[in-house]
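My notes follow in the order I took them.

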Amino acid sequence: MSGKGLAQLRHLFTQRYDTLRLRVARRLGSAGDMAGDALHEAYVRLAEKADLDEVRHPQSYLLNTAVHVAIDQLRGESRVLSEAEVADFLDVPDEAAGPAEMAEARGEMDRMFAALAELPPRQRDIFLSARVHGVPRAELAKRWGISLRQVGRELQAAHEFCLQALKARDE
């Protein structure tokens with residue numbers, strides 16, 4: 001190989017390295033480390049070629065080679081998991097609630113719904129709207145035609161009632 005093609009390649013690589021690395025990374029949709037490695041490997045491969053003098057667009061040629069190098073590296077790194085690795089992956093303890101925990105949780109929910117049913121309608125609406133649906137207190141005050149302070153009192157009363165109802169049923 002004559003030195004003209006290799007000289008162009010070397011010039012591109014040294015003068016425009018950062019730009020080339022960013023363009024390879026963008027084309028790969030990946031981080032700059034992989035792009036840098038691919039660009040270096042592409043330079044090494046191309047420096048060994050004998051026909052670089054015939055290349056009309058050396059920058060495009062270098063970029064395409066780097067992208068192909070990266071794709072080859074990715075293909076080489078991908079592999080199929082062994083049976084043991086799959087078994088280890090699937091051997092995760094089940095932390096879901098069992099039948100006893102589910103029954104207990106249903107019982108607690110039933111007690112809570114019973115307590116809510118005993119609340120006066122305005123307190124129940126304020127409690128559920130504020131705590132479950134995140135409705136602002138100002139909107140609740142407007143909805144019920146009461147002051148913000150009264151909304152706070154109704155909410156506090158609903159909390160205390162539910163707490164007492166749950167404590168009484170646990171005893």
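This is a predicted model: local features need pLDDT of at least 70, side-chain atom pairs count only at pLDDT 80 or more; totals for chains, interfaces and linings use all residues.

**Entry 1: overall fold.** I counted secondary structure first. The protein chain has 9 helices and 0 strands. Read along the sequence, the pattern is α-α-α-α-α-α-α-α-α. I then checked burial. Of the 171 residues, 26% are buried. The chain exposes about 12,000 Å², and carbon and sulfur atoms supply 53% of that area. For contacts with a separation of 6 or more, I found that 59% come from residues 24 or more positions apart.

**Entry 2: salt bridges.** How many salt bridges does a search of the whole structure find? It finds 2. I took them one at a time.

**Entry 3: Asp 125 and Arg 143.** Asp 125 forms a salt bridge with Arg 143, with the closest N and O atoms 2.9 Å apart. Asp 125 lies in helix α7 and Arg 143 in helix α8 (residues 137–144), so this pair ties together parts 18 residues apart in sequence. Is Asp 125 buried or partly exposed? Its relative accessible area is 23%, so Asp 125 is partly exposed. Arg 143 has 42% and is partly exposed.

**Entry 4: Glu 154 and Arg 122.** Here the closest N and O atoms of the salt bridge are 2.5 Å apart. Glu 154 sits in helix α9 (residues 148–170) and Arg 122 in helix α7 (residues 121–131). The two are 32 residues apart, and the pair links distant parts of the chain. I looked up burial for both partners. Glu 154 has 9% relative accessibility, so Glu 154 counts as buried. Arg 122 has 27% and counts as partly exposed.

**Entry 5: a further partner for Glu 154.** Which side chain makes a polar contact of 3.0 Å with Glu 154? I found Gln 123, joined to Glu 154 through the side chains. Gln 123 is in helix α7. Why does Gln 123 count as buried? Its relative accessibility is 13%, and the cut-off for buried is under 20%. Leaving out residues up to four places away in sequence, I listed what Gln 123 touches: Glu 154, Ala 157 and Ala 158.

**Entry 6: recap.** Helix α7 holds Asp 125, Arg 122 and Gln 123.

Methods
Residues are numbered from 1 along each chain as its sequence is written. Side-chain values use heavy atoms; hydrogens and water are left out. A salt bridge is a side-chain nitrogen of Lys or Arg within 4 Å of a carboxyl oxygen of Asp or Glu. Helices (H or I, at least four residues) and strands (E, at least two) are DSSP runs, numbered from the N terminus. Buried means under 20% relative accessible area, exposed over 50%, partly exposed in between (1.4 Å probe, protein chains only). Contact means heavy atoms within 4.5 Å. Accessible areas come from the Shrake-Rupley method with a 1.4 Å probe; for residues, only the protein chains shown count as cover. A polar contact is a pair of N or O atoms within 3.5 Å; within protein, one must be able to donate a hydrogen and the other to accept it, and residues adjacent in sequence count only if both atoms are side-chain atoms.
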